[in-house]
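Open the model in your viewer and keep the selection tool at hand. Each stop below says what to pick and what is there.

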Amino acid sequence: GIVGVARIVDCVTEMDSDWFFGRYGFVLRDAMPIPLVPCRGQLGFFSVPDEVSAAVAFALQSQGAS
């Protein structure tokens, strides 16, 4: 399921962070939790069905996010 949203603002190959491992890492900004929106996941980036996108948008609007 989807439990939050964030913006990816950079892709890096090294960073001084305990959370960084592997060849690449994404730098996230504006992370925001939302109530669980059921969604079947996949490996890597993937498109979500329109009804899931609508549910995420509704959750964000309900929290006053822009």
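Select Phe 26 first. Phe 26 is partly exposed, at 48% relative accessible area. Here buried means under 20% relative accessible area, exposed means over 50%, and partly exposed is in between, with a 1.4 Å probe and protein chains only. This is a predicted model: local features need pLDDT of at least 70, side-chain atom pairs count only at pLDDT 80 or more, and totals for chains, interfaces and linings use all residues. Residues are numbered from 1 along each chain as its sequence is written, and side-chain values use heavy atoms, with hydrogens and water left out.

Phe 45 is exposed, with a relative accessible area of 65%. The structure holds one aromatic pair. Phe 26 and Phe 45 form that pair, edge-to-face, with 5.6 Å centre to centre and 70° between the planes. It links distant parts of the chain: Phe 26 sits in strand S2 and Phe 45 in the loop between S2 and helix H1 (50–62), 19 residues apart. Helices (H or I, at least four residues) and strands (E, at least two) are DSSP runs, numbered from the N terminus. Rings of Phe, Tyr and Trp (its six-membered ring) pair if their centres lie within 6.5 Å; planes under 30 degrees apart count as stacked, over 60 as edge-to-face and the rest as tilted.

Ile 8, Phe 26, Leu 28 and Phe 45 form a nonpolar patch on the surface, with about 460 Å² of accessible area together. Areas come from the Shrake-Rupley method with a 1.4 Å probe; for residues, only the protein chains shown count as cover. Patch members have over 30% relative accessible area and no salt bridge; like charges are joined within 9 Å, nonpolar side chains (Val, Leu, Ile, Met, Phe, Trp, Tyr) within 5 Å. Leu 28 belongs to strand S2 (residues 25–37). Leu 28 is partly exposed, at 48% relative accessible area.

Stay on S2 and pick Asp 30. Which residue does Asp 30 form a salt bridge with? The partner is Arg 7, the closest N and O atoms being 2.6 Å apart. Asp 30 lies in strand S2 and Arg 7 in strand S1, so the pair ties together parts that are 23 residues apart in sequence. The structure holds one salt bridge, meaning a side-chain nitrogen of Lys or Arg within 4 Å of a carboxyl oxygen of Asp or Glu. Asp 30 is exposed at 54% relative accessible area, whereas Arg 7 is partly exposed at 46%. Check the backbone too: phi of Asp 30 is near 55°, a positive value in a residue other than glycine. Most residues other than glycine have a negative phi.

Next, go to the loop between strand S1 (2–12) and S2, and select Asp 16. Asp 16 counts as exposed, at 82% relative accessibility. Draw a distance to Leu 43: the C-alpha atoms are separated by 26 Å, with the residues 27 apart along the chain.

Met 15 is in the loop between S1 and S2. Met 15 counts as partly exposed, at 43% relative accessibility. Met 15 touches Phe 20 and Val 27, not counting residues up to four places away in sequence; contact means heavy atoms within 4.5 Å. The C-alpha atoms of Met 15 and Val 48, 33 residues apart along the chain, are separated by 30 Å.

Finish inside. Select Ile 2, Ile 34, Val 37, Cys 39, Val 52, Val 56, Ala 59 and Leu 60, the eight residues of the largest nonpolar core. Such a core is a set of buried Ala, Val, Leu, Ile, Met, Phe, Trp, Tyr and Cys residues joined through side-chain atoms within 4.5 Å. S2 and H1 each supply at least two residues of this core. H1 gives the most, with four residues. Last, pick Val 37: Val 37 touches Gly 1, Ile 2, Val 52, Ala 55 and Val 56, not counting residues up to four places away in sequence.
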